[in-house]
Amino acid sequence: EDFVPLYITDMKNRFKESTWLTKEHIIRTKLVPYFGKRKMCDICSKDVMAWQNEMMGHRSETGKAYSPVYLKTLHNQLSAVFNHAVRHYGLKANPAAQAGNMGKAKNGEMQFWTKTEYLQFIEAMMDKPRSFYAFEMLYWCGIREGELLALTAADFDFEKETVRINKSYQRLHGEDVITTPKTKKSNRIIKMPKFLCEEMQEYLQMLYGLKKKDRIFTVTKSYLHHEMDRGAKAAGVKRIRIHDLRHSHISLLIDMG
């Protein structure tokens with residue numbers, strides 16, 4: 001636990017705030033309680049394996065285990081702390097690397113909707129205009145949730161039929177935060193179908209007193225997840241993740257050639 005403040009000082013500013021909060025939470029709740037009173041040079045691969053077994057054996061009050069992806073994330077963070085000590089503070093070896101990983105990188109197969117499935121879903125969304133227009137943008141433009149929720153009227157150029165993606169919305173510490181997109185390549189101009197331009201013009205006209213730089217979808221990610229549940233059930237299509245609409249968009253592009 002004495003090394004953790006050094007690690008935080010060295011590394012915190014190298015990550016986006018949302019990413020760092022996840023890393024810090026893992027350090028505080030999963031690493032320090034177990035290894036906190038040990039000297040790093042005294043921790044060996046056997047100790048790491050014992051910690052891995054504890055994490056793999058963990059069950060919530062409802063009996064649910066950590067997912068394989070989360071287990072891998074936990075191990076990666078432990079290994080990152082030891083690697084930092086090896087590279088910059090003279091620790092001789094990384095016992096997490098010696099112990100080997102746990103969990104796995106991805107959850108199962110990639111999910112997506114066919115165009116037919118999406119059209120069934122979006123028909124069920126027509127009773128709530130805000131949800132309808134939000135999912136239209138997600139599917140036909142292949143943008144991320146955070147990118148959708150950060151959109152303003154100023155991002156649209158209806159003459160050129162484009163939308164600009166240059167920011168992302170996050171909810172951090174109970175406040176709305178606008179950050180840069182996930183990667184540098186995420187800054188992009190997307191060509192919109194003509195019908196989608198017409199739909200978004202209709203939607204913007206519904207928003208009374210809207211200013212150019214106001215967010216046009218003032219909802220949360222949990223709202224979108226709830227609406228996904230509702231629409232999938234009503235349409236009789238399989239429930240996919242919001243992020244899987246990006247996969248569905250790529251499937252659409254492949255089908256279009």
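Student: How many bridges join S2 to strand S5, and in which sense do the two run?

Tutor: The model is a predicted one. S2 is joined to strand S5 (residues 188-191) by 4 bridges, and the two run antiparallel. Within this pairing, Val 163 stands opposite Ile 190 in S5.

S2, which covers residues 162-165, also pairs with strand S1 (residues 156-157), again in the antiparallel sense, over 2 bridges. Here Thr 162 in S2 is the bridge partner of Asp 157. The hairpin of S1 and S2 has 4 residues between the strands, and Glu 161 in this hairpin takes a positive phi near 60°.

Glu 161 also forms a salt bridge with Lys 191, with the closest N and O atoms 3.9 Å apart. This pair links distant parts of the chain: Glu 161 lies in the loop between S1 and S2, Lys 191 in strand S5, and 30 residues separate them. Glu 161 is buried because its relative accessible area is 18%, under the 20% limit. Lys 191 has 56% relative accessibility, so it counts as exposed.

The side chain of Lys 167 meets that of Asp 155 at 2.7 Å, N to O.

The structure holds 16 salt bridges, including the two described here, Lys 191 with Glu 161 and Lys 167 with Asp 155.

Methods
Residues are numbered from 1 along each chain as its sequence is written. This is a predicted model: local features need pLDDT of at least 70, side-chain atom pairs count only at pLDDT 80 or more; totals for chains, interfaces and linings use all residues. Side-chain values use heavy atoms; hydrogens and water are left out. Two strands pair if DSSP finds at least two bridges between them. A salt bridge is a side-chain nitrogen of Lys or Arg within 4 Å of a carboxyl oxygen of Asp or Glu. Buried means under 20% relative accessible area, exposed over 50%, partly exposed in between (1.4 Å probe, protein chains only).
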